[in-house]
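Subject: Structure handover

Hello,

Here is the structure I promised to send. Please open it alongside this message; my notes follow below.

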Amino acid sequence: MEKYTIAVIDGDGIGPEVVSATLKVLTAVGKKFGHKFSFKHVLMGGCAIDATGVPLPKKTVSACKRSNAVLLGAVGGPKWDKLPGHLRPEAGLLGIRAALGLYANIRPAVLYPSLAAACPLRPDIAEKGIDLIVVRELTGGMYFGKRGLKEGKFGAEAWDTEKYNVMEIQRICKIGFETARARRKKLTSIDKANVLESSRLWRKTVHEMAADYPDVVLEDMLVDNAAMQLVKNPAQFDVIVTSNMFGDILSDEASMVTGSIGLLASSSLGEKNPGLFEPIHGSAPDIAGQDKANPIATILSAAMLLLSLKLDKEANAVENAVKAVLSETAYRTGDIASTGHTVVGCVKMGNLIQERIKI
Ligand code: IPM
Ligand code: MN
């Protein structure tokens, strides 16, 4: 029996709820395929601040490094909003991404036919389908550039710097090209090269790399146009590669056009350390503790986790279980329910998916 250690960051808000549903699914996968997943729960985010005074305790980083993969729910909440930046729950998330060197954030957005009614786009746009992947740079740009706050001539002034070097651009664009190569062979590099110097370097670098990928069609798109194209004609996108900040914004948009942010999974990968797998949504404090969250994004993140462990059959089983519940039953969490559906909570949705794995 193959053994895997998974570091589990339950986090804050709905984090523990969506994680708990996902661990049941992983346990069912273990039983069915003969693996032992052992879960090592560690603290990060607001709960870590409450327990230890810091958002990312050292113990958490070392436990994550020792694991085969890290599963994360979500962090943050109003309780910790007034803390200085480096002590906020989000600093824990940025800290773990940096500590594990997770520079590549992969965020697939797929419109399932069974969720067509949840898609906010006009039917003639939605019926062309949505199947894209956002490859977001995750350890550079404005998130990690120099920032500051000081008293200036007109009162307080603050700044955050967008900075990229060629190495950072090359390694993320390489993932973009390779992801596109394995799919429909179209890569859209999104930038703001009409204004930003860092974007002009990005654009120059990605074009220099294109010669090595003659089978992939590379196109540039300005980020403002991309925001529009994602609602006007999302079917045109195959793989998007972009900076940390633009990727953050566009992946929320991409998720919503597929029905709900509660559906989008992600993996964050680097070179040497285990990957981190998390839903792209936040901790949703407004619905926390009410059994209303949609666990599907976290469950699909677990499928990506299984893929990273080269457990392809197992990953497929999870994806198929999600698809089966959505296409063969009328059960939906509130965020994706429409006429004729029965609204269920996070626990029930998790159980329905887990039962499908056993079949
Ligand atoms: C995400 C989140 C994080 C980010 C926040 C919570 C720091 O929005 O994973 O997209 O901005 O990267
Ligand atoms: Mn985000």
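Start with helix 11. Its buried residues are Glu 314, Ala 315, Ala 317, Val 318, Ala 321, Val 322, Ala 324, Val 325 and Leu 326. Bear in mind throughout that this is a predicted model. Helix 11 runs over residues 312-328, 17 residues in total. From first C-alpha to last it reaches 23 Å, close to the 24 Å expected at 1.5 Å a residue.

Lys 310 sits in the loop between helix 10 and helix 11. Its phi is positive, about 65 degrees, although Lys 310 is not a glycine. Most residues other than glycine have a negative phi. Lys 310 counts as exposed, at 71% relative accessibility.

Ala 284 lies in the loop between strand 12 and helix 10. With a relative accessible area of 22%, Ala 284 is partly exposed.

Next, helix 4. Which residues of helix 4 are buried? They are Pro 89, Gly 92, Leu 93, Ile 96 and Arg 97, in a helix that spans residues 89-99. An α-helix has 3.6 residues a turn, so residues three or four places apart point the same way. The cover over the buried residues of helix 4 includes helix 2 (46-52) and helix 3 (58-66). Among the strands, it includes strand 3 (69-74), strand 4 (104-110), strand 5 (131-137) and strand 12 (276-279). Helix 4 is followed by Gly 101, with a positive phi near 65 degrees.

Leu 93 is in helix 4. Its relative accessible area is 13%, so Leu 93 is buried. Beyond its neighbours within four places in sequence, Leu 93 is in contact with Met 44, Leu 72, Val 75 and Glu 278. Ile 6 is 87 residues away from Leu 93 along the chain, and their C-alpha atoms are separated by 17 Å.

Leu 93 and Arg 97 also take us to the ligand. Which residues surround ligand 1? They are Glu 90, Leu 93, Arg 97, Arg 107, Arg 136, Tyr 143 and Asp 248. Oxygen atoms of ligand 1 take part in these polar pairs:

- Arg 97: a polar side-chain atom lies 2.7 Å from an oxygen atom of ligand 1.
- Tyr 143: an N or O atom in the side chain is 2.6 Å from an oxygen atom of ligand 1.
- Asp 248: a polar side-chain atom is 2.9 Å from an oxygen atom of ligand 1.

On its own, ligand 1 has 320 Å² of accessible area, and the protein covers 79% of that.

Thr 179 is found in helix 6 (residues 166-181). Thr 179 is buried, at a relative accessible area of 17%. A polar atom of its side chain lies 2.5 Å from the backbone oxygen of Ile 175. Setting aside neighbours within four places in sequence, Thr 179 is in contact with Ile 133, Val 135 and Val 239.

Ser 189 lies in strand 8 (residues 186-191). Ser 189 has 0% relative accessibility, so it counts as buried. Its side chain makes a polar contact of 3.0 Å with the side chain of Trp 202. Leaving aside neighbours within four places in sequence, the contacts of Ser 189 include Val 206, Leu 218, Met 221 and Val 241.

Gln 236 is in the loop between helix 8 (223-232) and strand 10 (239-242). Is Gln 236 buried or exposed? Buried, at 19% relative accessibility; the cut-off is under 20%. The side chains of Gln 236 and Gln 229 are joined by a polar contact of 2.9 Å. The Gln 236 side chain also reaches the backbone oxygen of Asn 233, at 3.0 Å. Lys 186 is 50 residues from Gln 236 along the chain, yet the two C-alpha atoms are separated by 9.1 Å. Lys 186 is in contact with Gln 236, as are Met 221 and Gln 229.

Best wishes

Methods: Residues numbered from 1 in each chain as written. Chains lettered and ligands numbered in written order. Predicted model: local features only at pLDDT ≥ 70, side-chain atom pairs only at ≥ 80, totals over all residues. Heavy atoms only, no water. Buried < 20%, exposed > 50% of the residue type's maximum accessible area, 1.4 Å probe, protein only. Helix = DSSP H or I, 4+ residues; strand = E, 2+ residues; numbered from the N terminus. Contact = heavy atoms within 4.5 Å. Expected span 1.5 Å × (residues − 1). Near = heavy atom within 4 Å. Polar contact = N/O pair within 3.5 Å; in protein donor to acceptor, adjacent residues only side chain to side chain. Areas by Shrake-Rupley, 256 points an atom, 1.4 Å probe, with all protein chains shown as cover.
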